Amino acid sequence: MQGRIMKGIAGFYFVKSGETIYRCKARGIFKKQDIKPAVGDLVEFEIIEGNDDNLITDILPRRNSFIRPFVANVDCFLVVTAVLRPAPVQELVDKLLIMAEHAGTEAILCVNKCDLAADQKRSSGRKAAASLEMLRRIYEPVYPVVLLSQDDPAGYERITELIHGKTAALAGASGVGKSTILNHLLRNELMETGAVSEKSQRGRHTTRHAQLFSLDEEGTAVFDTPGFTSFALTGLEPEELPHLFPEIEAHLGSCRYDDCRHMAEPGCGVKLALDQGQISRERYDSYLAMVRELDEEKKY
Ligand SMILES: Nc1nc2c(ncn2[C@@H]2O[C@H](COP(=O)(O)OP(=O)(O)OP(=O)(O)O)[C@@H](O)[C@H]2O)c(=O)[nH]1
Ligand SMILES: [Mg+2]
Ligand SMILES: [Zn+2]
């Protein structure tokens, strides 16, 4: 039989095939080969009669896979940041966008908790509004940006449209609201079908494991994933970075030197675009930080 791993907990994998979920264990050979099945994997499995645990015998080739979050076969990343509580961490947002670009998946920036920017009489409201404005200025020229608030259905509807038919992965720092967004996406779907389900009643707590949820019958699915604060870039060469910032890549043809790293070289088209405001200072600084990080890594 073939199915897809929807979640994995303590050595058990929950594999969906048709409308049924089968609890499976992975064949011992995977461990020996140092292969760990990931949520999102398409697998071949055998039903073992008279036993609770069925057996995953094969993992079908992955279209892509990621370490943080540990998921496979993603079409689209929903990179989530809050405007406040927690404050946006640009490094994390940019690294997630870079990993998405590197894998060739789509990326959408979800700016959550926009409701916190409404109350301009409070200093927290002004702070939230300032970071909302900053995020829009930096990212709207480069990525689709969706503004979300838990009291505004329009944002969730927009996401539902953007990810239709795709497998999307929520990713971002802990507490930014990934699980809340997932619950709203599930609820949208439930309202449409008129069904009542406990699916949308999941409690609010820290997500510990990646889990895949089906949104509809047309194959739309969403990963909820655990949050994290930072991660090191891996599996990348510094030379690849300029191609993974779309707004930098757009100017690559115009540098004087073919091996320009866009740092202090004369006749650099990227620096010119930066000076002319076509590339934001924040994203450029992020590029520099990542080049340095990858250079450091290479020294060891
Ligand atoms: N004000 C406001 N709070 C929100 C919004 N969305 C989520 N929250 C709150 O933010 C807190 C964290 O939300 P979660 O959905 O658990 O965050 P998460 O990203 O899944 O966190 P991890 O599972 O730890 O990675 C909860 O208390 C939510 O109620 C929003 O749009 N506005
Ligand atoms: Mg969560
Ligand atoms: Zn250059």
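Mentor: Start with Lys113. Lys113 has 24 other C-beta atoms within 10 Å, so Lys113 is buried. The cut-offs: buried takes 20 or more other C-beta atoms within 10 Å of a residue's own, exposed 12 or fewer, and partly exposed lies in between; C-beta atoms are placed from the backbone.

Trainee: What should I know about the model and its numbering?
Mentor: This is a predicted model, where local features need pLDDT of at least 70 and side-chain atom pairs count only at pLDDT 80 or more, while totals for chains, interfaces and linings use all residues. Residues are numbered from 1 along each chain as its sequence is written, and chains are lettered from A and ligands numbered from 1 in the order in which they are written.

Trainee: Where is Lys113 found, and what is its phi?
Mentor: Lys113 is in the loop between E7 and helix H3 (123–139). Its phi is near 65°, a positive value in a residue other than glycine. Helices (H or I, at least four residues) and strands (E, at least two) are DSSP runs, numbered from the N terminus.

Trainee: Why is Ala10 called exposed?
Mentor: Ala10 has 5 other C-beta atoms within 10 Å, so Ala10 is exposed. Ala10 lies in the loop between strand E1 (2–9) and strand E2 (12–17). Ala10 also has a positive phi, of about 50°, although it is not a glycine.

Trainee: What makes Glu106 partly exposed?
Mentor: Glu106 has 17 C-beta neighbours inside 10 Å, so Glu106 counts as partly exposed. Glu106 lies in strand E7 (residues 106–112). Leaving aside neighbours within four places in sequence, Glu106 is in contact with Asp75 and Cys76. Contact means that two C-beta atoms, placed from the backbone, lie within 7 Å.

Trainee: How do you know that the length of H2 agrees with its number of residues?
Mentor: H2 has 14 residues, which at 1.5 Å a residue should span 20 Å; the end C-alpha atoms are 20 Å apart, so the values agree. The expected span is 1.5 Å times one less than the number of residues.

Trainee: Which residues of H2 are buried?
Mentor: Among them are Leu92, Val93, Leu96 and Leu97. The buried residues of H2 pack against strand E6 (76–82), E7, strand E9 (167–172), helix H6 (241–244) and helix H9 (281–299). Just after H2, Gly104 takes a positive phi of about 75°.

Trainee: What is the largest nonpolar core?
Mentor: The largest nonpolar core has 71 residues, and Leu78, Val79 and Cys110 have the most contacts inside it. Helix H2 (residues 90–103) gives the most to this core, with 7 residues. A nonpolar core is a set of buried Ala, Val, Leu, Ile, Met, Phe, Trp, Tyr and Cys residues joined through C-beta atoms within 7 Å.

Trainee: How do E3 and E5 pair?
Mentor: Strand E3 (residues 20–26) and strand E5 (residues 54–59) pair in the parallel sense over 3 bridges. Two strands pair if DSSP finds at least two bridges between them. Lys25 stands opposite Leu55 in E5. Strand E4 (residues 42–46) and E5 pair in the antiparallel sense over 4 bridges. There, Glu44 has Asp58 in E5 as its bridge partner.

Trainee: Which peptide bonds are cis?
Mentor: A cis bond joins Arg68 and Pro69, with omega about -5°. Another cis bond joins Arg85 and Pro86, with omega about -5°. Pro69 lies in the loop between E5 and E6, and Pro86 in the loop between E6 and H2.
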